[in-house]
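Please look through the sequence and the 3D structure shown here before reading on. The explanation below is meant to be followed with both in view.

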Amino acid sequence: MANLLVTGGAGFIGANFVHYWREHHPNDGMVVLDALTYAGNRTSLAGLESLRFVHGDIRATEIVSSLIRDHDIDTIVHFAAESHVDRSIDGPDAFIDTNITGTHSLLKAAKSEWLDRGSGRPHRFHHISTDEVYGSLGPDDPPFSELTPYAPNSPYSASKAGSDHLVRAYHHTFGLQTTTTNCSNNYGPYQFPEKLIPLFLINCLTGKPLPIYGDGMNVRDWLYVKDHCRGIELVLDRGQVGQTYNIGGGEELPNLTVIDVICAAVDERFNADPALAARFPDAPAAKGQASSSLKTFVTDRLGHDRRYAIDERKIQEELGYRPARDFKSGLAATVDWYLAHENWWRAVMDGSYRVWLERNYGSRATVG
Ligand code: NAD
Ligand code: TDX
(Lines give C-alpha, C1' and ligand atoms only; values in the text may rest on other atoms or scores of the structure.)
(Ligands and ions follow the chains in the order given, each with its own letter.)
Protein backbone atom coordinates (compact mmCIF):
# COMPACT_ATOMS: atom_id res chain seq x y z
CA MET A 1 0.00 0.00 0.00
CA ALA A 2 1.27 3.47 -0.92
CA ASN A 3 0.41 6.99 0.20
CA LEU A 4 0.40 9.36 -2.75
CA LEU A 5 0.62 13.12 -2.90
CA VAL A 6 -0.70 14.14 -6.32
CA THR A 7 0.07 17.75 -7.28
CA GLY A 8 -2.16 19.35 -9.91
CA GLY A 9 -4.75 16.61 -9.36
CA ALA A 10 -7.62 18.95 -10.26
CA GLY A 11 -6.15 19.62 -13.71
CA PHE A 12 -6.69 17.58 -16.85
CA ILE A 13 -4.16 14.75 -16.63
CA GLY A 14 -3.96 14.89 -12.83
CA ALA A 15 -7.72 14.36 -12.45
CA ASN A 16 -7.68 11.47 -14.89
CA PHE A 17 -4.77 9.98 -12.95
CA VAL A 18 -6.58 10.35 -9.61
CA HIS A 19 -9.68 8.58 -11.02
CA TYR A 20 -7.47 5.89 -12.57
CA TRP A 21 -5.51 5.33 -9.37
CA ARG A 22 -8.61 5.19 -7.19
CA GLU A 23 -10.07 2.55 -9.52
CA HIS A 24 -6.94 0.41 -9.72
CA HIS A 25 -5.47 0.95 -6.24
CA PRO A 26 -8.51 1.52 -4.01
CA ASN A 27 -6.60 0.92 -0.77
CA ASP A 28 -3.87 3.49 -1.35
CA GLY A 29 -3.99 6.80 0.48
CA MET A 30 -4.20 9.83 -1.77
CA VAL A 31 -3.83 13.54 -1.06
CA VAL A 32 -4.36 16.04 -3.89
CA LEU A 33 -2.60 19.40 -3.66
CA ASP A 34 -3.86 21.92 -6.18
CA ALA A 35 -3.91 25.72 -6.33
CA LEU A 36 -7.12 25.69 -8.43
CA THR A 37 -5.86 28.07 -11.09
CA TYR A 38 -8.13 28.64 -14.10
CA ALA A 39 -7.08 25.12 -15.24
CA GLY A 40 -7.93 23.34 -11.99
CA ASN A 41 -11.47 22.26 -11.25
CA ARG A 42 -12.64 20.67 -8.05
CA THR A 43 -15.61 19.20 -9.93
CA SER A 44 -13.24 17.05 -11.99
CA LEU A 45 -12.77 15.02 -8.81
CA ALA A 46 -16.48 14.69 -8.00
CA GLY A 47 -17.43 11.28 -6.69
CA LEU A 48 -14.08 10.68 -4.98
CA GLU A 49 -15.18 11.56 -1.48
CA SER A 50 -12.50 9.47 0.23
CA LEU A 51 -9.88 11.74 -1.27
CA ARG A 52 -8.11 14.35 0.82
CA PHE A 53 -8.11 17.58 -1.22
CA VAL A 54 -5.82 20.44 -0.18
CA HIS A 55 -6.29 23.79 -1.86
CA GLY A 56 -2.72 25.06 -1.85
CA ASP A 57 0.37 26.01 -3.80
CA ILE A 58 3.35 23.76 -4.52
CA ARG A 59 5.58 26.77 -3.87
CA ALA A 60 4.62 26.65 -0.18
CA THR A 61 7.47 24.33 0.80
CA GLU A 62 6.49 24.15 4.48
CA ILE A 63 2.93 23.12 3.65
CA VAL A 64 4.22 20.38 1.35
CA SER A 65 6.59 19.20 4.08
CA SER A 66 3.80 18.99 6.61
CA LEU A 67 1.58 17.11 4.14
CA ILE A 68 4.35 14.56 3.60
CA ARG A 69 4.74 14.16 7.37
CA ASP A 70 1.07 14.21 8.36
CA HIS A 71 -0.09 11.77 5.68
CA ASP A 72 2.95 9.52 5.70
CA ILE A 73 3.44 10.26 2.00
CA ASP A 74 5.90 7.93 0.24
CA THR A 75 5.11 8.83 -3.40
CA ILE A 76 4.78 12.23 -5.02
CA VAL A 77 3.26 12.33 -8.50
CA HIS A 78 3.89 15.84 -9.76
CA PHE A 79 1.50 17.16 -12.43
CA ALA A 80 1.03 20.75 -11.21
CA ALA A 81 2.18 23.22 -13.84
CA GLU A 82 1.25 26.03 -16.11
CA SER A 83 0.69 23.97 -19.24
CA HIS A 84 -0.54 26.05 -22.17
CA VAL A 85 2.06 27.18 -24.72
CA ASP A 86 0.04 30.21 -25.91
CA ARG A 87 -0.22 31.53 -22.36
CA SER A 88 3.54 31.15 -21.93
CA ILE A 89 4.05 33.41 -24.96
CA ASP A 90 1.57 35.90 -23.56
CA GLY A 91 3.04 35.88 -20.03
CA PRO A 92 6.05 33.69 -19.22
CA ASP A 93 6.44 34.71 -15.55
CA ALA A 94 3.82 32.32 -14.16
CA PHE A 95 5.56 29.48 -16.01
CA ILE A 96 8.90 30.20 -14.37
CA ASP A 97 7.24 30.59 -10.95
CA THR A 98 5.16 27.42 -11.02
CA ASN A 99 7.13 25.08 -13.25
CA ILE A 100 10.66 25.87 -12.08
CA THR A 101 10.33 27.44 -8.61
CA GLY A 102 7.32 25.27 -7.78
CA THR A 103 9.07 22.04 -8.76
CA HIS A 104 12.11 23.10 -6.79
CA SER A 105 9.93 23.77 -3.77
CA LEU A 106 8.54 20.22 -3.96
CA LEU A 107 12.01 18.75 -4.36
CA LYS A 108 13.20 20.66 -1.28
CA ALA A 109 10.26 19.41 0.78
CA ALA A 110 10.79 15.82 -0.41
CA LYS A 111 14.51 15.98 0.34
CA SER A 112 13.91 17.45 3.76
CA GLU A 113 11.28 14.85 4.76
CA TRP A 114 12.59 11.75 3.01
CA LEU A 115 16.36 12.25 3.19
CA ASP A 116 17.38 14.86 5.78
CA ARG A 117 15.15 13.51 8.53
CA GLY A 118 16.79 10.19 7.77
CA SER A 119 13.78 7.92 7.78
CA GLY A 120 15.50 5.85 5.09
CA ARG A 121 12.21 4.37 3.94
CA PRO A 122 11.51 3.82 0.23
CA HIS A 123 10.08 6.84 -1.55
CA ARG A 124 9.50 8.07 -5.07
CA PHE A 125 9.30 11.50 -6.63
CA HIS A 126 7.70 11.11 -10.05
CA HIS A 127 7.80 14.13 -12.33
CA ILE A 128 5.47 14.57 -15.32
CA SER A 129 7.12 16.34 -18.22
CA THR A 130 6.64 16.83 -21.91
CA ASP A 131 8.14 15.88 -25.27
CA GLU A 132 8.33 19.62 -26.03
CA VAL A 133 11.62 19.83 -24.10
CA TYR A 134 13.31 18.14 -27.08
CA GLY A 135 12.38 20.94 -29.48
CA SER A 136 11.03 20.58 -32.99
CA LEU A 137 11.60 17.84 -35.59
CA GLY A 138 11.92 18.08 -39.36
CA PRO A 139 9.74 15.78 -41.47
CA ASP A 140 12.41 13.09 -41.80
CA ASP A 141 14.08 13.36 -38.40
CA PRO A 142 13.96 10.32 -36.12
CA PRO A 143 11.51 10.63 -33.21
CA PHE A 144 12.58 11.89 -29.78
CA SER A 145 14.29 9.29 -27.62
CA GLU A 146 15.38 9.69 -24.02
CA LEU A 147 18.86 10.51 -25.40
CA THR A 148 17.71 13.37 -27.65
CA PRO A 149 19.39 16.60 -26.46
CA TYR A 150 17.08 19.14 -24.88
CA ALA A 151 16.27 22.12 -27.15
CA PRO A 152 13.11 23.79 -25.78
CA ASN A 153 11.66 26.55 -27.94
CA SER A 154 8.82 28.16 -25.96
CA PRO A 155 8.84 29.69 -22.49
CA TYR A 156 6.58 26.76 -21.51
CA SER A 157 8.94 24.06 -22.73
CA ALA A 158 11.98 25.92 -21.37
CA SER A 159 10.35 26.03 -17.95
CA LYS A 160 9.54 22.30 -18.15
CA ALA A 161 13.14 21.60 -19.22
CA GLY A 162 14.36 23.56 -16.19
CA SER A 163 12.16 21.49 -13.90
CA ASP A 164 13.39 18.24 -15.50
CA HIS A 165 17.00 19.27 -14.86
CA LEU A 166 16.25 20.05 -11.22
CA VAL A 167 14.67 16.61 -10.74
CA ARG A 168 17.72 15.03 -12.32
CA ALA A 169 20.05 17.07 -10.10
CA TYR A 170 18.22 16.13 -6.89
CA HIS A 171 18.64 12.48 -7.79
CA HIS A 172 22.28 12.79 -8.83
CA THR A 173 23.42 15.07 -6.01
CA PHE A 174 21.25 14.09 -3.05
CA GLY A 175 20.07 10.60 -3.94
CA LEU A 176 16.37 11.48 -4.11
CA GLN A 177 14.56 8.53 -5.71
CA THR A 178 13.18 10.18 -8.83
CA THR A 179 11.66 9.15 -12.15
CA THR A 180 10.48 11.40 -14.98
CA THR A 181 8.15 10.76 -17.90
CA ASN A 182 8.11 12.94 -21.03
CA CYS A 183 4.83 12.43 -22.81
CA SER A 184 3.27 13.66 -26.03
CA ASN A 185 -0.02 15.57 -26.51
CA ASN A 186 -2.73 14.14 -24.28
CA TYR A 187 -6.45 14.28 -25.01
CA GLY A 188 -9.56 12.91 -23.32
CA PRO A 189 -12.04 13.82 -20.55
CA TYR A 190 -11.58 16.88 -18.30
CA GLN A 191 -9.23 18.77 -20.64
CA PHE A 192 -9.62 22.52 -20.33
CA PRO A 193 -11.06 23.90 -23.59
CA GLU A 194 -8.04 25.97 -24.56
CA LYS A 195 -6.12 23.02 -26.02
CA LEU A 196 -6.71 22.05 -29.63
CA ILE A 197 -9.10 19.10 -29.30
CA PRO A 198 -11.60 20.31 -26.66
CA LEU A 199 -11.51 23.89 -27.97
CA PHE A 200 -12.32 22.83 -31.53
CA LEU A 201 -14.93 20.33 -30.41
CA ILE A 202 -16.77 22.92 -28.33
CA ASN A 203 -16.46 25.55 -31.05
CA CYS A 204 -18.12 23.07 -33.44
CA LEU A 205 -20.98 22.71 -30.95
CA THR A 206 -21.33 26.44 -30.31
CA GLY A 207 -20.79 27.62 -33.89
CA LYS A 208 -17.51 29.50 -33.28
CA PRO A 209 -14.56 29.66 -35.71
CA LEU A 210 -11.89 26.94 -35.53
CA PRO A 211 -8.65 29.01 -35.42
CA ILE A 212 -6.02 26.97 -37.31
CA TYR A 213 -2.52 28.32 -36.71
CA GLY A 214 -0.33 28.74 -39.80
CA ASP A 215 -0.86 26.12 -42.51
CA GLY A 216 -2.31 23.55 -40.09
CA MET A 217 0.39 21.03 -40.98
CA ASN A 218 2.16 20.94 -37.61
CA VAL A 219 2.39 17.37 -36.42
CA ARG A 220 1.73 16.06 -32.90
CA ASP A 221 1.71 12.53 -31.46
CA TRP A 222 -1.70 12.06 -29.79
CA LEU A 223 -1.91 10.09 -26.53
CA TYR A 224 -5.21 9.12 -24.95
CA VAL A 225 -4.98 10.27 -21.35
CA LYS A 226 -5.88 6.89 -19.82
CA ASP A 227 -3.00 5.30 -21.72
CA HIS A 228 -0.76 7.97 -20.24
CA CYS A 229 -2.01 7.12 -16.73
CA ARG A 230 -1.22 3.46 -17.35
CA GLY A 231 2.29 4.44 -18.49
CA ILE A 232 2.85 6.43 -15.29
CA GLU A 233 1.59 3.48 -13.24
CA LEU A 234 4.12 1.19 -14.94
CA VAL A 235 6.95 3.63 -14.22
CA LEU A 236 5.89 3.99 -10.58
CA ASP A 237 5.68 0.25 -10.28
CA ARG A 238 8.75 -0.92 -12.14
CA GLY A 239 10.62 2.09 -13.56
CA GLN A 240 14.27 2.45 -12.66
CA VAL A 241 15.06 5.22 -10.23
CA GLY A 242 17.01 8.07 -11.81
CA GLN A 243 15.65 7.25 -15.27
CA THR A 244 13.41 9.07 -17.71
CA TYR A 245 10.84 7.42 -19.99
CA ASN A 246 9.09 8.82 -23.05
CA ILE A 247 5.38 8.02 -23.38
CA GLY A 248 3.55 8.46 -26.69
CA GLY A 249 0.33 7.41 -28.32
CA GLY A 250 1.85 6.13 -31.58
CA GLU A 251 -0.46 8.47 -33.52
CA GLU A 252 1.51 11.14 -35.38
CA LEU A 253 -1.01 13.38 -37.13
CA PRO A 254 -1.00 16.84 -38.75
CA ASN A 255 -3.41 19.28 -37.12
CA LEU A 256 -5.61 19.43 -40.23
CA THR A 257 -6.24 15.69 -39.99
CA VAL A 258 -7.11 15.96 -36.30
CA ILE A 259 -9.49 18.82 -37.07
CA ASP A 260 -11.16 16.87 -39.88
CA VAL A 261 -11.69 13.90 -37.55
CA ILE A 262 -13.28 16.20 -34.92
CA CYS A 263 -15.57 17.83 -37.49
CA ALA A 264 -16.63 14.48 -38.95
CA ALA A 265 -17.31 13.05 -35.48
CA VAL A 266 -19.54 16.01 -34.58
CA ASP A 267 -21.44 15.80 -37.87
CA GLU A 268 -22.00 12.07 -37.35
CA ARG A 269 -23.34 12.59 -33.81
CA PHE A 270 -25.84 15.22 -35.03
CA ASN A 271 -26.98 12.96 -37.87
CA ALA A 272 -27.55 10.10 -35.46
CA ASP A 273 -29.24 12.11 -32.67
CA PRO A 274 -31.72 14.86 -33.67
CA ALA A 275 -31.89 16.06 -30.02
CA LEU A 276 -28.40 17.53 -30.41
CA ALA A 277 -29.70 20.21 -32.78
CA ALA A 278 -32.02 21.49 -30.05
CA ARG A 279 -29.23 21.43 -27.46
CA PHE A 280 -26.72 23.20 -29.71
CA PRO A 281 -28.73 25.35 -32.13
CA ASP A 282 -25.67 27.44 -33.16
CA ALA A 283 -23.76 24.40 -34.41
CA PRO A 284 -23.46 24.26 -38.21
CA ALA A 285 -24.43 20.58 -37.87
CA ALA A 286 -27.75 21.71 -36.37
CA LYS A 287 -28.48 23.60 -39.59
CA GLY A 288 -27.50 20.84 -41.96
CA GLN A 289 -24.08 22.38 -42.62
CA ALA A 290 -20.66 20.77 -42.18
CA SER A 291 -18.71 21.58 -39.01
CA SER A 292 -15.68 22.03 -41.26
CA SER A 293 -17.27 25.27 -42.53
CA LEU A 294 -15.94 26.83 -39.27
CA LYS A 295 -12.29 26.24 -40.23
CA THR A 296 -10.42 29.55 -40.16
CA PHE A 297 -6.71 29.96 -40.87
CA VAL A 298 -5.15 32.48 -38.49
CA THR A 299 -1.70 33.96 -37.88
CA ASP A 300 0.74 31.32 -36.71
CA ARG A 301 1.76 30.85 -33.06
CA LEU A 302 5.13 32.52 -32.37
CA GLY A 303 7.95 29.96 -32.50
CA HIS A 304 5.44 27.21 -33.34
CA ASP A 305 7.17 23.81 -33.19
CA ARG A 306 6.65 21.94 -36.44
CA ARG A 307 6.67 18.32 -35.42
CA TYR A 308 6.87 16.15 -32.29
CA ALA A 309 7.21 12.37 -32.40
CA ILE A 310 8.06 9.85 -29.70
CA ASP A 311 10.37 6.86 -29.82
CA GLU A 312 8.86 4.80 -27.03
CA ARG A 313 11.01 1.70 -27.35
CA LYS A 314 12.48 2.16 -23.87
CA ILE A 315 9.18 2.05 -21.99
CA GLN A 316 7.88 -0.68 -24.31
CA GLU A 317 10.90 -2.91 -23.92
CA GLU A 318 11.61 -2.31 -20.22
CA LEU A 319 8.08 -2.01 -18.86
CA GLY A 320 5.79 -3.53 -21.51
CA TYR A 321 3.90 -0.28 -22.21
CA ARG A 322 1.59 -0.16 -25.22
CA PRO A 323 -1.13 2.43 -25.82
CA ALA A 324 -4.53 0.71 -25.86
CA ARG A 325 -6.48 3.40 -27.75
CA ASP A 326 -5.92 4.41 -31.35
CA PHE A 327 -6.75 8.00 -32.22
CA LYS A 328 -10.08 7.21 -33.84
CA SER A 329 -11.51 5.38 -30.83
CA GLY A 330 -9.93 7.77 -28.32
CA LEU A 331 -11.39 10.75 -30.14
CA ALA A 332 -14.81 9.10 -30.31
CA ALA A 333 -14.71 8.48 -26.53
CA THR A 334 -13.64 12.10 -25.99
CA VAL A 335 -16.47 13.52 -28.14
CA ASP A 336 -18.99 11.37 -26.27
CA TRP A 337 -17.60 12.52 -22.92
CA TYR A 338 -17.89 16.22 -23.81
CA LEU A 339 -21.42 15.73 -25.13
CA ALA A 340 -22.38 14.02 -21.88
CA HIS A 341 -20.66 16.63 -19.67
CA GLU A 342 -21.86 19.94 -21.03
CA ASN A 343 -22.28 21.28 -17.49
CA TRP A 344 -18.62 20.63 -16.77
CA TRP A 345 -17.24 22.51 -19.78
CA ARG A 346 -19.72 25.36 -19.55
CA ALA A 347 -18.75 25.84 -15.89
CA VAL A 348 -15.00 25.83 -16.50
CA MET A 349 -15.18 28.21 -19.47
CA ASP A 350 -15.90 31.18 -17.28
CA GLY A 351 -15.69 34.85 -18.13
CA SER A 352 -11.99 35.32 -17.44
CA TYR A 353 -11.03 32.61 -19.90
CA ARG A 354 -13.30 33.98 -22.60
CA VAL A 355 -11.84 37.46 -22.11
CA TRP A 356 -8.30 36.09 -22.49
CA LEU A 357 -9.24 34.06 -25.56
CA GLU A 358 -10.91 36.95 -27.29
CA ARG A 359 -8.12 39.37 -26.41
CA ASN A 360 -5.52 37.04 -27.91
CA TYR A 361 -7.31 35.43 -30.79
CA GLY A 362 -10.36 37.57 -31.46
CA SER A 363 -8.73 39.50 -34.29
CA ARG A 364 -6.29 36.94 -35.62
CA ALA A 365 -8.39 35.49 -38.40
CA THR A 366 -6.71 36.06 -41.75
CA VAL A 367 -8.92 33.84 -43.88
CA GLY A 368 -12.63 33.74 -43.20
P1 NAD B 1 -3.54 21.54 -16.61
O2 NAD B 1 -3.14 22.93 -16.98
O3 NAD B 1 -4.82 20.99 -17.10
O4 NAD B 1 -3.55 21.39 -15.02
C5 NAD B 1 -2.55 21.92 -14.20
C6 NAD B 1 -3.03 21.81 -12.75
O7 NAD B 1 -1.99 22.32 -11.91
C8 NAD B 1 -4.29 22.62 -12.46
O9 NAD B 1 -5.18 21.87 -11.69
C10 NAD B 1 -3.77 23.81 -11.68
O11 NAD B 1 -4.73 24.33 -10.76
C12 NAD B 1 -2.58 23.20 -10.95
N13 NAD B 1 -1.58 24.18 -10.56
C14 NAD B 1 -1.05 25.16 -11.35
N15 NAD B 1 -0.17 25.87 -10.63
C16 NAD B 1 -0.13 25.33 -9.39
C17 NAD B 1 0.60 25.62 -8.21
N18 NAD B 1 1.49 26.63 -8.17
N19 NAD B 1 0.42 24.85 -7.12
C20 NAD B 1 -0.49 23.84 -7.15
N21 NAD B 1 -1.21 23.53 -8.23
C22 NAD B 1 -1.03 24.26 -9.34
O23 NAD B 1 -2.31 20.64 -17.06
P24 NAD B 1 -2.31 19.18 -17.69
O25 NAD B 1 -2.59 19.29 -19.14
O26 NAD B 1 -3.13 18.29 -16.84
O27 NAD B 1 -0.78 18.81 -17.53
C28 NAD B 1 -0.32 18.14 -16.36
C29 NAD B 1 1.19 17.98 -16.48
O30 NAD B 1 1.50 17.24 -17.65
C31 NAD B 1 1.94 19.31 -16.62
O32 NAD B 1 3.14 19.21 -15.88
C33 NAD B 1 2.24 19.41 -18.10
O34 NAD B 1 3.42 20.15 -18.34
C35 NAD B 1 2.42 17.95 -18.46
N36 NAD B 1 2.09 17.61 -19.87
C37 NAD B 1 0.84 17.87 -20.38
C38 NAD B 1 0.55 17.47 -21.68
C39 NAD B 1 -0.81 17.70 -22.31
O40 NAD B 1 -1.01 17.33 -23.46
N41 NAD B 1 -1.77 18.26 -21.58
C42 NAD B 1 1.52 16.84 -22.47
C43 NAD B 1 2.79 16.64 -21.92
C44 NAD B 1 3.05 16.99 -20.61
O1 TDX C 1 -6.46 27.25 -31.38
C2 TDX C 1 -5.53 26.49 -31.69
N3 TDX C 1 -5.20 26.33 -33.01
C4 TDX C 1 -4.18 25.53 -33.43
O5 TDX C 1 -3.91 25.43 -34.63
C6 TDX C 1 -4.77 25.76 -30.71
C7 TDX C 1 -5.09 25.89 -29.25
C8 TDX C 1 -3.75 24.94 -31.14
N9 TDX C 1 -3.45 24.84 -32.46
C10 TDX C 1 -2.33 23.97 -32.87
C11 TDX C 1 -1.02 24.27 -32.18
C12 TDX C 1 -0.36 22.92 -32.11
O13 TDX C 1 0.31 22.66 -33.33
O14 TDX C 1 -2.67 22.66 -32.48
C15 TDX C 1 -1.53 21.95 -31.99
C16 TDX C 1 -1.81 21.52 -30.55
O17 TDX C 1 -1.85 22.70 -29.78
P18 TDX C 1 -2.10 22.66 -28.19
O19 TDX C 1 -3.34 21.90 -27.92
O20 TDX C 1 -1.99 24.06 -27.68
O21 TDX C 1 -0.90 21.74 -27.70
P22 TDX C 1 0.70 21.90 -27.85
O23 TDX C 1 1.10 23.30 -28.06
O24 TDX C 1 1.14 20.89 -28.87
O25 TDX C 1 1.16 21.47 -26.37
C26 TDX C 1 0.49 20.39 -25.69
O27 TDX C 1 1.24 19.21 -25.73
C28 TDX C 1 2.41 19.17 -24.99
C29 TDX C 1 0.20 20.75 -24.25
O30 TDX C 1 -0.52 21.98 -24.21
C31 TDX C 1 1.43 20.85 -23.42
O32 TDX C 1 1.10 21.04 -22.06
C33 TDX C 1 2.19 19.59 -23.56
O34 TDX C 1 3.43 19.68 -22.88
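The paragraphs that follow take up a ligand, then a group of aromatic rings, and then a single residue in a loop.

This is a predicted model, in which local features need pLDDT of at least 70 and side-chain atom pairs count only at pLDDT 80 or more, while totals for chains, interfaces and linings use all residues. Residues are numbered from 1 along each chain as its sequence is written, chains are lettered from A and ligands numbered from 1 in the order in which they are written, and side-chain values use heavy atoms, with hydrogens and water left out.

Let us begin with ligand 2, which is surrounded by 21 residues, the closest being Glu 132, Tyr 156, Pro 211, Arg 301 and His 304 (a residue is near a molecule if one of its heavy atoms lies within 4 Å of it). Sorted by class, this shell has 9 nonpolar, 7 polar and 5 charged residues, where Ala, Val, Leu, Ile, Met, Phe, Trp, Tyr, Cys and Pro count as nonpolar, Asp, Glu, Lys and Arg as charged, and the others, Gly among them, as polar. At least two residues of the shell come from each of α6 (196–206) and β8 (210–213); helices (H or I, at least four residues) and strands (E, at least two) are DSSP runs, numbered from the N terminus.

Oxygen atoms of ligand 2 lie 2.7 Å from a polar side-chain atom of Thr 130, 2.8 Å from a backbone N or O atom of Leu 196, and 2.7 Å from a polar side-chain atom of Arg 220. Taken alone, ligand 2 exposes 640 Å², and the protein buries 94% of that (areas by the Shrake-Rupley method with a 1.4 Å probe).

Turning to the aromatic rings, the structure holds 19 aromatic pairs, a pair being rings of Phe, Tyr or Trp (its six-membered ring) whose centres lie within 6.5 Å, with planes under 30 degrees apart counted as stacked, over 60 as edge-to-face and the rest as tilted. The rings of Phe 144 and Tyr 308 have centres 6.3 Å apart and planes at 45°, so this pair is tilted. Phe 144 is buried, at 1% relative accessibility, and Tyr 308 is buried at 2% (buried means under 20% relative accessible area, exposed over 50%, partly exposed in between, with a 1.4 Å probe and protein chains only).

Finally, Asp 74 lies in the loop between α2 (61–70) and β4 (75–78), and with a relative accessible area of 16% Asp 74 is buried.

Key
A polar contact is a pair of N or O atoms within 3.5 Å; within protein, one must be able to donate a hydrogen and the other to accept it, and residues adjacent in sequence count only if both atoms are side-chain atoms.
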